[in-house]
Amino acid sequence: MHKIYLLLIVLFLCSCQKNNQDNYFDTIEDNDFNLMPPAPGEWLYGRKEKGQDFETFLKTKHIVPNENSNIIYIKPIGDFTELQTRQIELTRAYLEIFFQLETKVLENTSNDVIPKHARRIGQEGQEQFLAGYILDSLLKKEKPRNRIALMALTEKDLFPKPEWNFVFGLASYTQKIGVSSIYRLQDRKLTEANFNLCLSRLLKICSHEIGHMFGLRHCVKVNCAMNGTNSLEETDTKVIRLCSVCQQKLNSSIKYDNKKRLVELGEFFKNNNLKTEFELMKKDLESIE
Ligand SMILES: [Zn+2]
Ligand SMILES: [Zn+2]
(Lines give C-alpha, C1' and ligand atoms only; values in the text may rest on other atoms or scores of the structure.)
(Ligands and ions follow the chains in the order given, each with its own letter.)
Protein backbone atom coordinates (compact mmCIF):
# COMPACT_ATOMS: atom_id res chain seq x y z
CA MET A 1 0.00 0.00 0.00
CA HIS A 2 2.75 2.41 1.02
CA LYS A 3 4.59 1.67 -2.21
CA ILE A 4 1.59 2.79 -4.28
CA TYR A 5 1.33 6.07 -2.33
CA LEU A 6 5.04 6.63 -2.76
CA LEU A 7 4.78 5.99 -6.49
CA LEU A 8 1.87 8.41 -6.81
CA ILE A 9 3.77 11.09 -4.89
CA VAL A 10 6.84 10.60 -7.10
CA LEU A 11 4.70 10.76 -10.27
CA PHE A 12 2.98 13.89 -8.97
CA LEU A 13 6.32 15.58 -8.19
CA CYS A 14 7.70 14.62 -11.61
CA SER A 15 4.73 16.11 -13.42
CA CYS A 16 5.02 19.31 -11.34
CA GLN A 17 8.68 19.53 -12.22
CA LYS A 18 7.88 19.14 -15.93
CA ASN A 19 5.11 21.74 -15.80
CA ASN A 20 7.35 24.17 -13.94
CA GLN A 21 10.01 23.86 -16.62
CA ASP A 22 7.46 24.25 -19.46
CA ASN A 23 5.87 27.20 -17.70
CA TYR A 24 9.27 28.79 -17.39
CA PHE A 25 9.72 29.06 -21.15
CA ASP A 26 6.12 30.20 -21.72
CA THR A 27 6.49 32.84 -19.03
CA ILE A 28 9.76 34.33 -20.19
CA GLU A 29 8.55 34.31 -23.80
CA ASP A 30 6.70 37.54 -22.87
CA ASN A 31 10.14 39.17 -22.50
CA ASP A 32 11.28 38.20 -26.04
CA PHE A 33 11.04 41.10 -28.42
CA ASN A 34 10.98 40.98 -32.20
CA LEU A 35 13.86 42.08 -34.38
CA MET A 36 13.39 45.24 -36.44
CA PRO A 37 13.33 44.68 -40.22
CA PRO A 38 17.01 44.42 -41.30
CA ALA A 39 18.70 47.55 -42.68
CA PRO A 40 21.18 47.37 -45.60
CA GLY A 41 24.51 45.96 -44.41
CA GLU A 42 22.95 44.00 -41.56
CA TRP A 43 23.19 40.22 -41.29
CA LEU A 44 19.63 39.36 -42.31
CA TYR A 45 19.44 41.94 -45.12
CA GLY A 46 19.08 39.97 -48.36
CA ARG A 47 19.97 36.74 -46.60
CA LYS A 48 17.47 33.92 -46.38
CA GLU A 49 17.98 32.17 -43.07
CA LYS A 50 15.16 29.84 -42.03
CA GLY A 51 15.78 29.89 -38.33
CA GLN A 52 15.35 26.79 -36.18
CA ASP A 53 12.37 26.06 -33.96
CA PHE A 54 12.55 23.84 -30.89
CA GLU A 55 11.16 20.73 -32.66
CA THR A 56 13.68 21.08 -35.51
CA PHE A 57 16.50 21.43 -32.99
CA LEU A 58 15.43 18.22 -31.22
CA LYS A 59 15.52 16.33 -34.53
CA THR A 60 18.94 17.71 -35.46
CA LYS A 61 22.06 15.90 -34.28
CA HIS A 62 23.65 17.87 -31.43
CA ILE A 63 25.96 17.29 -28.50
CA VAL A 64 24.72 16.54 -25.03
CA PRO A 65 27.16 16.56 -22.09
CA ASN A 66 27.98 13.21 -20.52
CA GLU A 67 30.40 12.01 -17.86
CA ASN A 68 33.33 11.98 -20.31
CA SER A 69 32.53 15.23 -22.09
CA ASN A 70 31.40 18.09 -19.92
CA ILE A 71 34.08 20.80 -19.56
CA ILE A 72 34.34 23.98 -21.65
CA TYR A 73 37.91 25.22 -22.17
CA ILE A 74 39.29 28.64 -23.06
CA LYS A 75 42.80 28.77 -24.50
CA PRO A 76 44.53 32.17 -24.44
CA ILE A 77 47.16 32.64 -27.15
CA GLY A 78 49.34 35.74 -26.82
CA ASP A 79 50.82 38.29 -24.55
CA PHE A 80 47.85 39.68 -22.62
CA THR A 81 47.78 42.85 -20.53
CA GLU A 82 46.44 42.72 -16.99
CA LEU A 83 43.07 44.10 -18.11
CA GLN A 84 42.84 41.58 -20.94
CA THR A 85 43.65 38.75 -18.53
CA ARG A 86 40.85 39.99 -16.30
CA GLN A 87 38.46 39.84 -19.28
CA ILE A 88 39.43 36.24 -19.95
CA GLU A 89 38.80 35.24 -16.34
CA LEU A 90 35.42 37.02 -16.39
CA THR A 91 34.54 35.27 -19.66
CA ARG A 92 35.34 31.95 -18.00
CA ALA A 93 33.11 32.74 -15.04
CA TYR A 94 30.33 33.88 -17.38
CA LEU A 95 30.42 30.81 -19.63
CA GLU A 96 30.32 28.57 -16.55
CA ILE A 97 27.06 30.24 -15.55
CA PHE A 98 25.65 30.59 -19.08
CA PHE A 99 26.05 26.90 -19.93
CA GLN A 100 25.96 25.65 -16.31
CA LEU A 101 29.04 23.57 -17.12
CA GLU A 102 32.49 23.67 -15.58
CA THR A 103 34.67 26.08 -17.58
CA LYS A 104 38.45 26.27 -17.34
CA VAL A 105 41.18 28.51 -18.73
CA LEU A 106 44.13 26.55 -20.14
CA GLU A 107 47.68 27.74 -19.66
CA ASN A 108 48.61 30.74 -21.77
CA THR A 109 50.40 29.93 -25.05
CA SER A 110 52.92 32.36 -26.52
CA ASN A 111 52.46 33.95 -29.95
CA ASP A 112 55.67 32.11 -30.94
CA VAL A 113 53.55 29.03 -31.74
CA ILE A 114 52.28 30.82 -34.87
CA PRO A 115 54.82 30.24 -37.70
CA LYS A 116 55.78 32.92 -40.22
CA HIS A 117 53.60 31.48 -43.00
CA ALA A 118 50.49 31.92 -40.82
CA ARG A 119 51.17 35.61 -40.05
CA ARG A 120 51.01 38.85 -42.00
CA ILE A 121 50.89 42.60 -41.48
CA GLY A 122 47.36 43.96 -42.00
CA GLN A 123 46.14 47.22 -43.53
CA GLU A 124 46.47 49.19 -40.28
CA GLY A 125 50.04 47.96 -39.78
CA GLN A 126 48.84 45.45 -37.18
CA GLU A 127 50.07 41.87 -37.04
CA GLN A 128 47.44 39.28 -37.98
CA PHE A 129 47.23 35.51 -37.54
CA LEU A 130 45.67 33.06 -39.97
CA ALA A 131 42.57 31.83 -38.10
CA GLY A 132 42.44 28.48 -39.93
CA TYR A 133 45.99 27.65 -38.82
CA ILE A 134 44.97 28.06 -35.18
CA LEU A 135 41.99 25.71 -35.65
CA ASP A 136 43.73 23.04 -37.72
CA SER A 137 47.26 23.01 -36.36
CA LEU A 138 46.76 23.97 -32.73
CA LEU A 139 43.24 23.39 -31.42
CA LYS A 140 42.49 20.04 -33.08
CA LYS A 141 45.45 18.55 -31.20
CA GLU A 142 44.49 20.09 -27.88
CA LYS A 143 42.49 17.45 -26.00
CA PRO A 144 42.24 18.42 -22.33
CA ARG A 145 40.31 16.15 -19.97
CA ASN A 146 36.56 15.86 -20.67
CA ARG A 147 36.62 18.58 -23.29
CA ILE A 148 33.17 19.35 -24.72
CA ALA A 149 34.09 22.67 -26.38
CA LEU A 150 37.29 24.65 -26.82
CA MET A 151 37.55 28.33 -27.58
CA ALA A 152 40.88 30.05 -28.21
CA LEU A 153 41.25 33.79 -27.62
CA THR A 154 44.00 35.87 -29.22
CA GLU A 155 45.09 39.46 -28.62
CA LYS A 156 46.34 39.73 -32.21
CA ASP A 157 43.96 40.39 -35.09
CA LEU A 158 42.84 37.44 -37.27
CA PHE A 159 42.34 36.89 -41.02
CA PRO A 160 40.59 33.95 -42.72
CA LYS A 161 42.21 34.02 -46.19
CA PRO A 162 44.59 36.32 -48.08
CA GLU A 163 41.87 38.29 -49.89
CA TRP A 164 40.03 39.20 -46.65
CA ASN A 165 41.00 42.18 -44.48
CA PHE A 166 40.19 40.54 -41.18
CA VAL A 167 37.80 38.20 -39.36
CA PHE A 168 36.42 38.41 -35.80
CA GLY A 169 36.70 34.66 -35.37
CA LEU A 170 36.40 31.26 -36.96
CA ALA A 171 34.96 27.97 -35.69
CA SER A 172 34.45 24.35 -36.60
CA TYR A 173 31.12 23.37 -35.09
CA THR A 174 31.59 19.68 -35.86
CA GLN A 175 34.98 19.68 -34.07
CA LYS A 176 33.62 21.95 -31.29
CA ILE A 177 36.58 24.30 -31.55
CA GLY A 178 36.74 28.01 -32.27
CA VAL A 179 39.01 31.04 -32.13
CA SER A 180 38.09 34.69 -31.56
CA SER A 181 40.25 37.76 -31.28
CA ILE A 182 39.75 40.50 -28.72
CA TYR A 183 41.75 42.93 -30.88
CA ARG A 184 38.72 44.60 -32.49
CA LEU A 185 36.42 44.32 -29.49
CA GLN A 186 38.48 46.78 -27.45
CA ASP A 187 38.48 49.68 -29.97
CA ARG A 188 42.30 49.75 -30.39
CA LYS A 189 43.27 49.60 -26.72
CA LEU A 190 41.60 48.13 -23.67
CA THR A 191 41.28 50.67 -20.87
CA GLU A 192 39.20 50.98 -17.70
CA ALA A 193 36.91 53.29 -19.73
CA ASN A 194 36.01 50.80 -22.47
CA PHE A 195 36.42 47.70 -20.30
CA ASN A 196 32.69 46.97 -19.92
CA LEU A 197 31.82 47.52 -23.57
CA CYS A 198 34.60 45.15 -24.61
CA LEU A 199 33.59 42.62 -21.96
CA SER A 200 29.96 42.67 -23.05
CA ARG A 201 31.02 42.03 -26.68
CA LEU A 202 33.37 39.22 -25.65
CA LEU A 203 30.66 37.53 -23.57
CA LYS A 204 28.16 37.79 -26.45
CA ILE A 205 30.61 36.41 -29.00
CA CYS A 206 31.89 33.51 -26.87
CA SER A 207 28.41 32.41 -25.74
CA HIS A 208 27.15 32.70 -29.35
CA GLU A 209 29.99 30.61 -30.80
CA ILE A 210 29.79 27.94 -28.10
CA GLY A 211 25.98 28.02 -28.52
CA HIS A 212 26.56 26.98 -32.15
CA MET A 213 28.75 24.12 -30.91
CA PHE A 214 25.76 22.92 -28.87
CA GLY A 215 23.66 22.87 -32.05
CA LEU A 216 21.86 26.21 -31.72
CA ARG A 217 21.38 27.84 -35.12
CA HIS A 218 20.85 31.55 -35.71
CA CYS A 219 17.73 33.08 -34.28
CA VAL A 220 15.95 35.15 -36.97
CA LYS A 221 12.77 36.52 -35.39
CA VAL A 222 13.57 37.86 -31.95
CA ASN A 223 16.50 39.78 -30.52
CA CYS A 224 18.76 37.12 -29.00
CA ALA A 225 22.39 36.22 -28.31
CA MET A 226 22.04 33.75 -31.21
CA ASN A 227 21.36 36.44 -33.85
CA GLY A 228 23.89 36.56 -36.69
CA THR A 229 25.73 39.88 -37.05
CA ASN A 230 27.87 41.44 -39.75
CA SER A 231 29.72 44.02 -37.69
CA LEU A 232 30.59 45.11 -34.20
CA GLU A 233 28.01 47.91 -34.47
CA GLU A 234 25.38 45.25 -35.20
CA THR A 235 26.62 43.07 -32.31
CA ASP A 236 26.15 46.10 -30.05
CA THR A 237 22.44 46.25 -31.02
CA LYS A 238 21.87 42.63 -30.01
CA VAL A 239 20.97 41.62 -26.48
CA ILE A 240 23.16 39.27 -24.42
CA ARG A 241 20.07 37.25 -23.37
CA LEU A 242 19.09 33.98 -25.00
CA CYS A 243 15.45 34.11 -26.13
CA SER A 244 12.93 31.66 -24.67
CA VAL A 245 13.28 29.19 -27.59
CA CYS A 246 17.10 29.15 -27.49
CA GLN A 247 16.99 28.69 -23.70
CA GLN A 248 14.62 25.75 -24.18
CA LYS A 249 17.01 24.16 -26.69
CA LEU A 250 20.02 24.55 -24.41
CA ASN A 251 18.10 23.31 -21.38
CA SER A 252 16.95 20.20 -23.24
CA SER A 253 20.63 19.21 -23.68
CA ILE A 254 22.12 20.54 -20.44
CA LYS A 255 19.53 19.81 -17.80
CA TYR A 256 20.20 22.73 -15.48
CA ASP A 257 17.89 24.57 -13.15
CA ASN A 258 16.60 27.55 -15.18
CA LYS A 259 15.95 29.76 -12.17
CA LYS A 260 19.39 29.09 -10.67
CA ARG A 261 20.97 30.05 -14.00
CA LEU A 262 19.00 33.30 -14.16
CA VAL A 263 19.86 34.25 -10.58
CA GLU A 264 23.56 33.59 -11.20
CA LEU A 265 23.57 35.55 -14.48
CA GLY A 266 21.86 38.45 -12.68
CA GLU A 267 24.49 38.40 -9.93
CA PHE A 268 27.32 38.26 -12.46
CA PHE A 269 26.02 41.30 -14.35
CA LYS A 270 25.35 43.20 -11.13
CA ASN A 271 28.81 42.48 -9.70
CA ASN A 272 30.46 43.58 -12.95
CA ASN A 273 28.39 46.70 -13.41
CA LEU A 274 26.79 45.53 -16.66
CA LYS A 275 23.55 47.44 -16.11
CA THR A 276 21.54 46.78 -19.31
CA GLU A 277 22.42 43.11 -19.09
CA PHE A 278 21.37 43.00 -15.43
CA GLU A 279 18.01 44.62 -16.23
CA LEU A 280 17.23 41.85 -18.77
CA MET A 281 17.84 39.11 -16.21
CA LYS A 282 15.90 41.02 -13.56
CA LYS A 283 12.90 41.20 -15.88
CA ASP A 284 12.98 37.43 -16.49
CA LEU A 285 13.38 36.75 -12.77
CA GLU A 286 10.47 39.02 -11.87
CA SER A 287 8.31 37.24 -14.45
CA ILE A 288 8.86 33.81 -12.95
CA GLU A 289 8.52 34.83 -9.30
ZN1 LIG B 1 26.69 32.66 -35.60
ZN1 LIG C 1 17.12 32.81 -29.76
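Helix α4 (residues 131-139) lies across β4 and β6, running at about 45° to β4. Helices (H or I, at least four residues) and strands (E, at least two) are DSSP runs numbered from the N terminus. The model is predicted: local features need pLDDT of at least 70, side-chain atom pairs count only at pLDDT 80 or more, and totals for chains, interfaces and linings use all residues. Residues are numbered from 1 along each chain as its sequence is written, while chains are lettered from A and ligands numbered from 1 in the order in which they are written.

The open sheet has 3 strands in the order β3-β4-β6, with mixed pairing; two strands pair if DSSP finds at least two bridges between them. Its edge strands, β3 (119-121) and β6 (157-159), each pair on one side only. The twist averages 40° from one strand to the next. Strand β4 (residues 127-130) pairs with β3 in the antiparallel sense over 3 bridges, and E127 in β4 is the bridge partner of I121.

**Packing of α8 against α9**

Two packed helices are described by the angle between their axes and the distance between the axes. For helix α8 (residues 258-271) and helix α9 (residues 275-288), the axes come within 8 Å and cross at roughly 150°. Axes are lines fitted to C-alpha atoms, for helices over the stretch in contact, and angles run from 0 to 180 degrees between N-to-C directions. The two helices are therefore roughly antiparallel to each other (angles over 145 degrees).

α8 passes α9 in a left-handed crossing, meaning that the near helix is turned anticlockwise from the far one by less than a right angle. Residues of α8 including L262, L265 and F269 meet residues of α9, among them F278, M281 and L285; contact requires C-beta atoms, placed from the backbone, within 7 Å.

**Packing of α3 against α8**

Helix α3 (residues 82-99) also packs with α8: their axes come within 8 Å and cross at roughly 160°. α3 and α8 are therefore roughly antiparallel to each other, and α3 passes α8 in a left-handed crossing. In this contact, A93, Y94 and I97 of α3 meet R261, E264, L265 and F268 of α8.

**The loop residue N34**

N34 lies in the loop between α1 (2-29) and α2 (54-59). N34 is exposed, with 8 other C-beta atoms within 10 Å; a residue counts as exposed at 12 or fewer. Leaving aside residues up to four places away in sequence, N34 touches K221 and V222.

Methods: Contact = placed C-beta atoms within 7 Å. Parallel < 35°, antiparallel > 145°, perpendicular 65-115°, else oblique. Buried ≥ 20, exposed ≤ 12 C-beta atoms within 10 Å, placed from the backbone.
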